[in-house]
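This briefing is meant to be read beside the sequence and the structure.

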2 protein chains.
Amino acid sequence: MMKPQCWVLRLGHRFVRDDRLTTHVGLVARAFGASGISIVGGEESVKASIDKVTERWGGPFTVELVEDWRTVIKRWKNEGGVVVHLTMYGIPVDEVIDEIRSADRKLLVIVGAEKVPKEVFYEADYNVAIGNQPHSEAAALAIFLDRLYRGEEFKTKFNNSKLRIMPSSRGKKVVSVEERIGGENEDRV
Amino acid sequence: MMKPQCWVLRLGHRFVRDDRLTTHVGLVARAFGASGISIVGGEESVKASIDKVTERWGGPFTVELVEDWRTVIKRWKNEGGVVVHLTMYGIPVDEVIDEIRSADRKLLVIVGAEKVPKEVFYEADYNVAIGNQPHSEAAALAIFLDRLYRGEEFKTKFNNSKLRIMPSSRGKKVVSVEERIGGENEDRV
């Protein structure tokens, strides 16, 4: 578990239209060290896509589909967590990340789509900008977690993975973990 | 213009299914300091979405739709550029970014979707991993450019922008650049 512990809340998912983007947001959350994601209004197929990655590449990582974002924020606050909302309108990440990290309280990181209710800006303890230009919530989440964990997130060890990559300058080198006892099974391009 | 100069090549776009993701990749390229993107097999609507952001939030940033990625790579190499391919199978970014940056040659950064032809792994001067876990090409591009430009990309000044954000701890504060002479037009939540 990376410190501080982090959970993602995905708002503003639009039926079908956003399914691949929301899947990417979930995969970024997992790959960059968050322990789970709550998706408001997401389809079962989105949860299934992310869960499938966790099953193959390891966890733990939890995906929950929720109806109401207010409940998630309330629960987080009741448990003493800090709420961070990523928005291009916020304070530059580099001005606040040290303060957020050093508080060492568990974090809820909210990422929205195009329209986020005003209320979210007021419920958040921090409205944080990953640059003040429009881009992508998947990218914003990645940069935020990378700053929070200072690049250490890439060293995360995932448990119960069936596949593991051996970094390679050319081609694909994948180790099937189940077969490692008898010798490495390398699928090289 | 940020140094080294950077251009993005988007591969593997699937008709309609990937339009929002490819748009996000283009917006990340612009927001994180690249000067343009070539999209293989992209729709006019994807180009229009990115161009619209450039028109409102400033440039320069160029979007071109292309049929053949080989031509783009060949052109780049003929002009003395370096080709970087972002892939989860590659060498960790933190091991190669200093070498890439210090070469100070213009860069072509290739981001693919799920299937990337083997040939790309061999055409690339560097196959670079943004972590060895599956996540998102939008996130991978953002982290790569952030490492390349050491966070300086957020200070980029865009030209001819109609809108500019004033960072704010609560709500939205947008300056309409055309009206700044007569006083700031602030759209506050």
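In this predicted model, chain B contains an open sheet of six strands, arranged in the order S3-S2-S1-S5-S4-S6 and paired in parallel. The edge positions are taken by strand S3 (62-66) and S6 of chain B, each of which pairs on one side only. Direction ignored, neighbouring strands of this sheet are turned by 30 degrees against each other on average.

**Strand pairing in the sheet of chain B**

- Strand S1 (residues 6-10) of chain B has four of its five residues buried, and so this strand is largely enclosed by the rest of the structure.
- S1(B) is joined by five bridges to strand S5 (residues 107-111) of chain B, the two running parallel, and within this pair B:Arg10 stands opposite B:Val111.
- S1(B) also pairs with S2(B), again in the parallel sense, over four bridges; here B:Trp7 stands opposite B:Gly36, while B:Leu9 has B:Ser38 as its bridge partner.
- As a general point, strands of a sheet pair through backbone hydrogen bonds, either parallel or antiparallel.

**Helices packed on the sheet of chain B**

- Helix H4 (residues 93-103) of chain B lies across S4 and S6 of chain B, and its course makes about 170 degrees with S4(B).
- H6(B) likewise packs on the sheet, where it touches S1, S4, S5 and S6 of chain B, and its direction makes about 155 degrees with that of S5(B).

**The surroundings of B:Ser38**

- B:Ser38 belongs to strand S2 (residues 36-40) of chain B.
- Is B:Ser38 buried or exposed? The residue has 23 C-beta neighbours inside 10 Å, and because the cut-off for a buried residue is 20 or more, B:Ser38 counts as buried.
- Apart from neighbours within four places in sequence, the residues in contact with B:Ser38 are B:Leu9, B:Arg10, B:Glu64, B:Val66 and B:Val72.
- Although B:Ser38 and B:Trp7 are 31 residues apart along the chain, their C-alpha atoms are separated by 8.0 Å.

**The pair of helices H1 and H2 in chain B**

- Two packed helices are described by the angle between their axes and the distance between the axes.
- For H1(B) and H2(B), the axes come within 9 Å and cross at roughly 35 degrees, and the crossing is right-handed.
- On the H1(B) side the contact is made by B:Asp19, B:Thr22, B:Thr23, B:Gly26, B:Leu27 and B:Arg30, which meet B:Ser45, B:Val46, B:Ser49, B:Ile50, B:Val53 and B:Thr54 in H2(B).
- Sorted by class, the residues of this helix contact comprise four nonpolar, six polar and two charged ones.

**The sheet of chain A**

- Chain A has an open sheet in which six strands follow the order S3-S2-S1-S5-S4-S6, with parallel pairing.
- Why does one side of strand S3 (62-66) and of strand S6 (126-129) of chain A lack a neighbour in the sheet? These two strands stand at the edges and each has a single partner strand, so one side of each is left without a neighbour.
- From one strand to the next, the twist of this sheet averages 30 degrees.
- Strand S2 (residues 36-40) of chain A pairs with S3(A) in the parallel sense over five bridges, and in this pair A:Val40 has A:Val66 as its bridge partner.
- Helix H4 (residues 93-103) of chain A packs on the sheet, where it touches strand S4 (82-92) and S6 of chain A, and its direction makes about 170 degrees with that of S4(A).

**Domains of chain A**

- The domain assignment divides chain A into domain 1 (6-156) and domain 2 (159-189), whose centres, taken over C-alpha atoms, are separated by 30 Å.
- Five residues from domain 1 of chain A and five residues from domain 2 of chain A take part in the contact.
- On the domain 1 side, this contact has two nonpolar, two polar and one charged residues.

**Where chain B meets chain A**

- In the contact between the chains, 41 residues of chain B meet 41 residues of chain A.
- The elements of chain B that each give two or more residues to this side are helix H1 (19-31), helix H2 (44-57), strand S4 (82-92), helix H5 (118-123), strand S6 (126-129) and helix H6 (137-148).
- H1(B) gives the most, with six residues.
- By class, the side of chain B that touches chain A has 22 nonpolar, twelve polar and seven charged residues.

Key:
Residues are numbered from 1 along each chain as its sequence is written. Chains are lettered from A and ligands numbered from 1 in the order in which they are written. This is a predicted model: local features need pLDDT of at least 70, side-chain atom pairs count only at pLDDT 80 or more; totals for chains, interfaces and linings use all residues. Two residues are in contact if their C-beta atoms, placed from the backbone, lie within 7 Å. Ala, Val, Leu, Ile, Met, Phe, Trp, Tyr, Cys and Pro count as nonpolar, Asp, Glu, Lys and Arg as charged, and the others, Gly among them, as polar. A residue is buried if 20 or more other C-beta atoms lie within 10 Å of its own, exposed if 12 or fewer, and partly exposed in between; C-beta atoms are placed from the backbone. Domain bounds come from an automatic or database domain assignment. Axes are lines fitted to C-alpha atoms, for helices over the stretch in contact, and angles run from 0 to 180 degrees between N-to-C directions. A crossing is left-handed if the near helix is turned anticlockwise from the far one by less than a right angle, and right-handed if clockwise. Two strands pair if DSSP finds at least two bridges between them.
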